[in-house]
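Please look over the sequence and the model below before reading on. The paragraphs that follow go through it region by region.

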Amino acid sequence: MDFDQILAKCGDFNRYQLLILTLFGVVNVIVSMHYFTQTVISFVPDHWCYHEKLENKTYDEIAAIYAKFPNPSCTKLADINGMNATASTEKCERWIYKYDFGYHSMNTELNWVCESSYKARIGQSLFFIGSVVGTLLYGLLSDKIGRLPALILSNLSGFIGDFSTIFTTSVTTFTLCRFISGLAADTNFYLMYIIVLEYLRPSMRTFGLNIAVGVFYTLGLVFTPWLAVLAGHWQYYLASTSIPILSIVFYYFIIQESAQWLVTRNDIDGAIKRLKRVARFNGRKVSLTEFEEFRKYCEKQHQKQGGDDQKHSNLIDMFRTPRMRKHTLILFFKSMVITLCYDVVSRNVEGMGISPFIMFSLSALVVLPSSLMLVLLQDRIGRKGMASGSLLVGGFFTVAAGIAIAYQKQNHNAILLACLTIAARFGVAISYESGSQYATELIPTCVRGQGVAAVHVAGFAASFLAPYILWLGTFFKAAPSMILGVLFFAGSLVCLMLPETLNKTLPKTLEEGEVFGKGESMFDFPCLSKNKSAEDSDSEMEPYSKRKESLTAGLEHGNGTVHPLRQDLMDDNSNSCT
């Protein structure tokens, strides 16, 4: 009895799965606030250099006085006579801020504007560097000490980084705190994602995971800017978003460690212990005989791979064979494209003629529709079709937005800009969510933590290019969107070279990963198949079970010897991690 068969008996979509999906939803709310904290605390409202003669004037009057200067936010005035003013050659050291909804951001309090605006960007850069380091670190830890401990440690890094940012007043301490906060970025999400996926029935993964992301992540994003408005000050906002992160510590007493991971570490007793707890919580009765059958199956597979002397796989092993190497590099490239585009589009909420708080919430609303679309379509057209199609749609939206913005020149239509930005984010959101599930399913179980971590690292590394791509807009406004559009189209094309995972037995070993999807063409989509294959199963391992049953049929006749060819074929289907 293999893992998926015993999990089905314990319950693979029951009370326990609903519990961890709910807790995954809580993680989504926390992660959404943590990831965009840097954006919210750095909002810069309209501002002008201070002059004593401006104290009794309205914001509209101040804006009118400064309107004739090319850089009104950073131009110091020498004298003001009515509505006329002359500029000074001195640098501005004090500003008048038109606080949006009364919110005092870090940039306004520390005067990190004009010549000092780079200081906040340094913190953002260190946040991404921290995310690269943290993703590698906690990804490796998740395959060494377990998914759950790594998840808790990752979130503790996020808490320490965000909470300590409250007390920073210099660039040095600020960047250090943002680096520590960045260590948690993404691992605080995808480690919980893996735990839920490995306890969930394959046919319910798309529905359960994407609904949880769509509903809870959207709630977190929409509520985030208004929590800042309610707090009124960036330090109070950081306190209100960082303290809830500590609740993840209690997950250790609620959630079970991944039983699949324990099996790959040959901790069969630990896996059975967790599965018994799941069965008890779900109200299922599983006999000791069935657990013993599962134990014997795992021990047999373990011995076939060399027993205790077997070598555990690592990330480097994903590059040793041609097909695994190709799939891994494609996943890297896809993650780079999606993360780069997602980051640029999601953070671009200022300078559009609309309050960044309103713009942030409006653009966040597309996350739920994108998740619903995934639920409706991904299990029909398949993972490959959804990944490729969503990247293609995202490319069209992004290019269209760039062309429209370019033709507006200086006369920006705020409503049009908002609609185009929201449309672009809709395409990016679909790509981002579909990509997460696709990568997690495609990477073999034994290196899933490290593999998914490496894929996310590649994405965060590409995010460093975002400021430079945006900078090209100073020469040609459509350039950033055109570049992102080309990347989207390239990502859409290479996704067609990946194998389909819908209703397929997911690879658990590198050997299974190497042969997974072999023989598929670029345009093999489940929705276009006339007949369901034997692998269209609700159980992840049923295809392997069927193959083994056919291979073992008649093997116990006579002296019980196994034909060498049949034995070789059986060994190819091993579930141990090598």
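The mean pLDDT of the protein is 82, with 87% of its residues at 70 or more. Residues 531–578 have a pLDDT below 50, although this stretch has 85 contacts in the model beyond near neighbours in sequence. Where pLDDT is low, the predicted coordinates should not be read in detail.

Return now to phenylalanine 101. What is its relative accessible area? The value is 44%, so phenylalanine 101 counts as partly exposed, a class that lies between the 20% and 50% cut-offs. Phe101 is also one of the residues of a nonpolar patch on the surface, together with Phe223, Trp226, Ile358, Leu362 and Leu365. The accessible area of these residues together is about 520 Å². Two helices, H10 and H16 (356–364), each supply at least two residues of the nonpolar patch.

Helix H10, which spans residues 202–231, also holds asparagine 210. Is asparagine 210 buried or exposed? Its relative accessibility is 3%, and therefore asparagine 210 counts as buried, the limit being under 20%. Which residues does asparagine 210 contact, leaving aside its neighbours within four places in sequence? They are Arg205, Ser371, Leu374, Val375, Gln378, Glu433 and Gln437. For valine 375, the C-alpha atom is separated from that of asparagine 210 by 6.6 Å, while the two residues are 165 residues apart along the chain.

Cysteine 114 has a positive phi of about 55° although it is not a glycine. Its place is the loop between H5 and helix H6 (118–144). Cysteine 114 counts as buried because its relative accessibility is 15%.

Aspartate 186, not a glycine either, has a positive phi of about 85°. Where does aspartate 186 lie? The residue is in the loop between helix H8 (171–182) and helix H9 (187–198). With a relative accessibility of 9%, aspartate 186 counts as buried.

Note on methods
Residues numbered from 1 in each chain as written. Predicted model: local features only at pLDDT ≥ 70, side-chain atom pairs only at ≥ 80, totals over all residues. Heavy atoms only, no water. Helix = DSSP H or I, 4+ residues; strand = E, 2+ residues; numbered from the N terminus. Buried < 20%, exposed > 50% of the residue type's maximum accessible area, 1.4 Å probe, protein only. Contact = heavy atoms within 4.5 Å. Patch = residues over 30% accessible without salt bridge, like charges linked within 9 Å, V, L, I, M, F, W, Y side chains within 5 Å. Areas by Shrake-Rupley, 256 points an atom, 1.4 Å probe, with all protein chains shown as cover. Salt bridge = Lys/Arg side-chain N within 4 Å of Asp/Glu carboxyl O. pLDDT = per-residue confidence, 0-100.
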